[in-house]
Structures are given as structure tokens and as C-alpha cells.
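Student: I am new to this structure and would like a close look at one of its helices. Please go on from there to the parts that follow.

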Amino acid sequence: MRSKGVLVFVLLSALTAYYVYLPIPNNIEERWKLMLADSFFRSLSHLAELSEWMGLLHYMKVMMFITIAERVVPVSDERVQVSDESFDGVEVIVYQPTQRQETEELRRAIIYLHGGGWCLGSSRMGPYDLLAKHMVTELNAVIVSVEYRLAPAYHFPAQFEDVYRVLKYFLRVDVLRGYHINSERIAVSGDSAGGNLAAAVAQQLQKDPEQHVQLKAQALLYPVLQALDLNTPSYQQNQHMPILPRTLMVRFWSEYFTSDKSFLRAMMANRHNNHESAALLKFVNWSLYLPDSYRQAYNYSAPPVVTGKSSVHSVGLHHLLADPRASPLLVPDTALRLLPKAYVLTCEYDVLRDDGLMYVTRLRNAGVDVTHEHYPGGFHGALMFTTWPTDFDIGHRMMDNFVSWLKKNL
């Protein structure tokens, strides 16, 4: 009996070790801690797939557990005043210094957009609350954290429209005056899908002829910037990496546009481009815009263009793939030249690495002042790993470096 118990224990231990262990590069930061964290994400993803297959709950409904598990109630403290507000009908959380002297200089402001693939995430998650309060105290700034609508309940362009409405409302002279903000020291920032939205609204704002107050800076943290080529070198290299494997990122893109599963299958195969989006592939040609060291091991092949009757040509999707509000990399150089200075953070072990690298190249070619910070041992989502039980050194380092850039450039 005892030997059977030992055997069962050994088998369970072996199965656990097999499931937790993931063959990831040795130089990825805090790899064993990352493996443990990722085993939870993979377990949840498998449960979500099973739930959807059985017709119980949509995949993203199950994955929302991550958001719920990290949800906090943002509260004021001795240094930061927190309030729930509504800007033009969109829910926001405003963080600002608790006290203000009448002689105090006007403050900086940052509109911050959370990540989560447009389907998950919330400003009310612990790491975002920590980041917002850190920016307030370090920068003497007002932070507006936006609770935009999420897919699959709301597809593109709902998320973009929510964020743009908040931005336009906040940049009104009377609103800025009420928060004691310097109109020449305002930035927009976001991570992952939030970085996508930040880049998109920055582009849209500078095209608005009626907009007098403009942004001074944009800070994009491992942003997702294009949906046309989902087989770039970083998608290939990092397709099985922790936190954001290729399958999950493609699913995020698909759900952002539609819940049509045939479109998801087309995106998984990288066979989702139509004649309209194909004309814009030149803007995401990684053989032109990636540094040599990132493309030398790969041969460029343009994604195929689907013709005939398919989900790619359905009404709506026909145009959405080519919409720069969804894929900010798709604009011509002339639309990039007037953009504010940029901070772009990329991670080596991230399917989205090349999106950021290509945007850095294109912004610089257009004459925009760009600071590019690359983390050779970094992985997607690391900025969210700053609170227990997923507290990583790299997450705190990213936060400190990002805030340091804002302090010098905003």
C-alpha cells in the first residue's frame, strides 16, 4: 500500500513538473517564476477552450477571471486622491496629488490605457492602480485611467471611440483648468492593446483641424500595431512563449473585429488579407523595417491575399483590416511626421516585438523623436508583474524606466 502511495506521488509530481516546465530561453528573466505563473495562464486558457467547446461560456468570459482576480478598489491615500468620473459618457478613474498649493506650477497629465487584448483588463487591477499612483507621486501629475468597453460584447471601433472621446473631453481648456494642468505637458500612454489605442488616438488627434491642444508625448509599452501580417519573425520565434502565445494574440485580434470563427481560422493561418488590406502590406513589410539582426534568420514572404467569397470579404471586415485606427502602422509617412515624441518599449520574447520595432523605424524615418527601450530578457506583460503573487524585478524596472522617461520628456 505504501509503495502504491509513493508511486502515485511520483506520477503526480512528474505530471506537475511536465505541465509547469516550459522550454523557454535561459536568458529570459526570472524564468522559473515565469514558468509557474504561465502554468496558471495556460490552465485557465485550456479551461476556457473546454468551456467554449461545451457551449457553456465564451472563451473570453472564462479568461476574464484574470481581471477579476487582480481587481482592487482604487482608494485615496495621504499622497494621492482617487475619484471615479465620467468623461463624455466614458468611465474613468482620475488620480491626482492630494494637496495643491495656490503657487504650485501647473501639472503634467497622462491618459493611460490598460492592456488585455481589447477583451480583458481593467484600470481597477492592482498593477495599474500601483502604476497610476507611482506616476502621480513621481511626476506630480494627473493620471486619467480609462475604462473603455471590451470585446466580444463590443467590437472595434468601440474601444477606440471611447478612448478618443475621453481624450477630446480632457483636452478642453475648461477641463484642464479645473485639474490645474499645463496644456503643453500632456501625454497618452498604454501597454499592449492599450499601446495600440494610444498610438491610434495620437494619430487621430493630430489630424483634427479643430483640436488646438495637442499631445507632447506618446508612450507605447510593448504595443500591438498591425493585424495584416501575423507571421513576422517575432510571431514565429515567440509563438509558444509565456503569457502571450501566438494563438492567444491572434484570438484577441479576431475578437476585436468579429466573433465569426471562420475569420479566426483565417487569421490563424495568416490568410485573412483582402484586396484592400493587401495594398497596405508595404507598411508592415518587416524585411524593410526590422534591423538586420532581427530578420537575418528569416525569409520574407508577403501574406497571401484571399480572393473569392469568404469571411475576409464580408461587409465590415472588408474595411476594418485596412483601418489605421485598428492598425496604426498602416498610415503613410506623411501622417507620422507631425506626431509627438515617442517612447517605445519592446521585449525580446514577445510576439509583438516586431510591431514595436517597425514603428520605431517608421517614426524615425518620418523625423519623430523616438526613445526605444528594448529588454533582451523581457517578455510580454512584464509591467503587470509588480504585485504579489507575480512580483518580478523586471516589472519594477520597466515601471521605473518608463516613469523616468516621462519625468525628463514631459
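Student: What span should the 14 residues of helix 5 (residues 126-139) have at 1.5 Å a residue, and how far apart are its end C-alpha atoms?

Tutor: This is a predicted model, in which local features need pLDDT of at least 70 and side-chain atom pairs count only at pLDDT 80 or more, while totals for chains, interfaces and linings use all residues. Residues are numbered from 1 along each chain as its sequence is written, and side-chain values use heavy atoms, with hydrogens and water left out.

At 1.5 Å a residue, helix 5 should span 20 Å, and its end C-alpha atoms are 20 Å apart, which agrees. The expected span is 1.5 Å times one less than the number of residues in the helix. Helices (H or I, at least four residues) and strands (E, at least two) are DSSP runs, numbered from the N terminus.

Buried means under 20% relative accessible area, exposed means over 50%, and partly exposed lies in between (1.4 Å probe, protein chains only). Among the buried residues of helix 5 are G126, P127, Y128, D129, H134 and L139. After helix 5 comes N140, with a positive phi near 50 degrees.

Helix 2 (residues 31-53) has 23 residues and should span 33 Å; its end C-alpha atoms lie 32 Å apart, in agreement with that. Its buried residues include R31, L34, F41 and S51. Just after helix 2, G55 takes a positive phi of about 75 degrees. Helix 10 is mostly covered, with 11 of its 12 residues buried, including R251, W253, Y256 and F257.

W253, Y256 and F257 belong to one aromatic cluster with W118, F156 and F263. The charged end of R251 sits over the ring of Y59, 4.0 Å from its centre. For such a placement, NZ of Lys or CZ of Arg must be within 6 Å of the ring centre and within 35 degrees of the ring normal. R149 has its charged end over the ring of Y154, 5.0 Å from the centre.

The structure holds 22 aromatic pairs. Rings of Phe, Tyr and Trp (its six-membered ring) pair if their centres lie within 6.5 Å; planes under 30 degrees apart count as stacked, over 60 as edge-to-face and the rest as tilted. One of the pairs is W286 with Y300, edge-to-face at 5.2 Å centre to centre and 80 degrees between the planes. This pair links distant parts of the chain, 14 residues apart: W286 is in helix 13 (residues 286-289), and Y300 is in the loop between helix 14 (292-295) and helix 15 (317-320). W286 counts as buried at 2% relative accessibility, whereas Y300, at 27%, counts as partly exposed. In helix 14 lies D292, whose side chain makes a polar contact with the side chain of R295 (2.4 Å). A polar contact is a pair of N or O atoms within 3.5 Å; within protein, one must be able to donate a hydrogen and the other to accept it, and residues adjacent in sequence count only if both atoms are side-chain atoms.

Next come the annotated positions. An unreviewed UniProt entry gives S192, D350 and H380 as "active site". They span 189 residues in sequence, yet no two of their C-alpha atoms are more than 10.5 Å apart, so they gather at one spot. UniProt positions use the numbering used here, feature names are shortened, and annotations may be inferred rather than shown by experiment.

D350 is in the loop between strand 7 (341-349) and helix 17 (353-365), and at 2% relative accessibility D350 counts as buried. H380 lies in the loop between strand 8 (370-379) and strand 9 (386-387); at 6%, H380 is also buried. Leaving aside neighbours within four places in sequence, H380 is in contact with residues including S192, Y222 and D350, where contact means heavy atoms within 4.5 Å. The side chains of H380 and D350 also make a polar contact (3.0 Å).
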